[in-house]
Amino acid sequence: MSARLMLSMSIWRLLLGAVVAAVTFVSSAVAHEIRPAYLQIDQMAANRYKVVWRTPILSGMRLPIVLRFPDSVRNVTEPAQRDLPDSLVQTRVVETDGAGLAGKRVEFVGLQATITDVLVRVHLLDGTVETTMIHPSQPWIDFAATRSPLAAARVYFVSGFQHILLGIDHLLFVFGLLFIVRSRWMLVKTITAFTVAHSITLAVATLGKVAVPALPLNAMIALSILFLGPEIVRVWGGQTSFTIRHPWIVSFAFGLLHGFGFASGLTALGLPQGDIPFALLMFNLGVEAGQLAFVGLILLLIAALKSIEIRLPRSLELLPAYVVGILGAYWTIDRIAVMIGGMA
């Protein structure tokens, strides 16, 4: 076997390995279900705060995360709990000694054993709003220095970036599109159409104008991926179809569905209405950055394969179609089964 062919096979194995690793991860984490917990602290007086603690429910169970204040913080009112369809919300009023929360640490016990983040939003009496994302690697927040608006922008941007990179179904749809378009100009039109479409539905869903039930939505997103598998095979066989001639129209139509999926990552935070426009803008920019980074990576890998100038075995040329089609079919069946089970 020549060195070029060995290199080519290695790149394809790397691609296949990345897909398998992603699928393995998704099997345990499930796209769209990686929702953050949310802690909101509103200062009511010099040393008194209203605390809202929201933890998501996954597979019918509350995430085992416990909110722990330092000993110098005491309850003024006992926690009042509300059960929502997707989360549990505790509300209480606490009081501190000394200089309020400044210099104190709040811990999220158990967070380190999850893959969930915690969005923390603090609203002080002087109008200052601080927003921070807490990750499992550091399950606490120290209330010390005042954070700038740029820090809040970074939180929402990174959240959007992570949301699409963890949403393997969204990435697989974009991956399938790349094998249907047949020119750079059509690639630009198709990716732009997908971006415009999911930005529209991300906005209307986050602003509360339209609501789509999660279970049928997830099934339709999976179906959009399954739809692309046979289209990739047609391209490979030299055939044509409406999708192949006008991929940007199909990209726009299915992009509307994926936008509702993106919205779940932002609406799950339960943000106050006043924060939504800014959070929506930065979250969407993060999604676009993640999408462009993924597209750039795949195009680089494809260019690397073409530069080797070796004709791949016939079975490997169809590998993208198999990956897209098989995973799309698996997710479609799995999510329809979950949807039917939820209706029973």
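Reply: Residues are said to meet, or to be in contact, when their heavy atoms lie within 4.5 Å. The model examined here is predicted. Two packed helices are described by the angle between their axes and the distance between the axes.

With that cut-off, D169, H170, L172, F173, G176 and L177 of helix 3 meet I221, S224, I225, L228 and I232 of helix 5. By class, this contact comprises 7 nonpolar, 3 polar and 1 charged residues. The axes of helix 3 (residues 168–178) and helix 5 (residues 214–236) come within 9 Å and cross at roughly 25°. Angles under 35 degrees count as roughly parallel, and helix 3 and helix 5 are therefore roughly parallel to each other. Their crossing is left-handed.

Helix 3 also packs against helix 4, at an angle of about 160° and with the axes 10 Å apart. This angle makes helix 3 roughly antiparallel to helix 4, and helix 3 passes helix 4 in a right-handed crossing. On the side of helix 3, the contact is made by F173, V174, L177 and L178; on the side of helix 4, L187, T190, I191 and F194 take part. These residues divide into 7 nonpolar, 1 polar and no charged.

Helix 4 itself spans residues 184–206 and has 23 residues. From its first C-alpha to its last, helix 4 reaches 32 Å, close to the 33 Å expected at 1.5 Å a residue. Helix 4 is followed by G208, whose phi is positive, near 80°.

A further partner of helix 4 is helix 8 (residues 276–308): the two axes come within 11 Å and cross at roughly 155°. That angle makes helix 4 roughly antiparallel to helix 8, and the crossing is right-handed. Helix 4 contributes L187, I191, F194, T195, H198, S199, L202, A203 and T206 to this contact, while helix 8 contributes I276, L280, F283, N284, V287, E288, Q291, V295 and L299. The residues of the contact divide into 11 nonpolar, 6 polar and 1 charged. An α-helix has 3.6 residues a turn, so residues three or four places apart point the same way.

Key:
Residues numbered from 1 in each chain as written. Predicted model: local features only at pLDDT ≥ 70, side-chain atom pairs only at ≥ 80, totals over all residues. Heavy atoms only, no water. Helix = DSSP H or I, 4+ residues; strand = E, 2+ residues; numbered from the N terminus. Expected span 1.5 Å × (residues − 1). Axes fitted to C-alpha atoms, helices over the stretch in contact; angles between N-to-C directions. Parallel < 35°, antiparallel > 145°, perpendicular 65-115°, else oblique. Left-handed = near helix turned anticlockwise from the far one by under 90°. Nonpolar A, V, L, I, M, F, W, Y, C, P; charged D, E, K, R; others polar.
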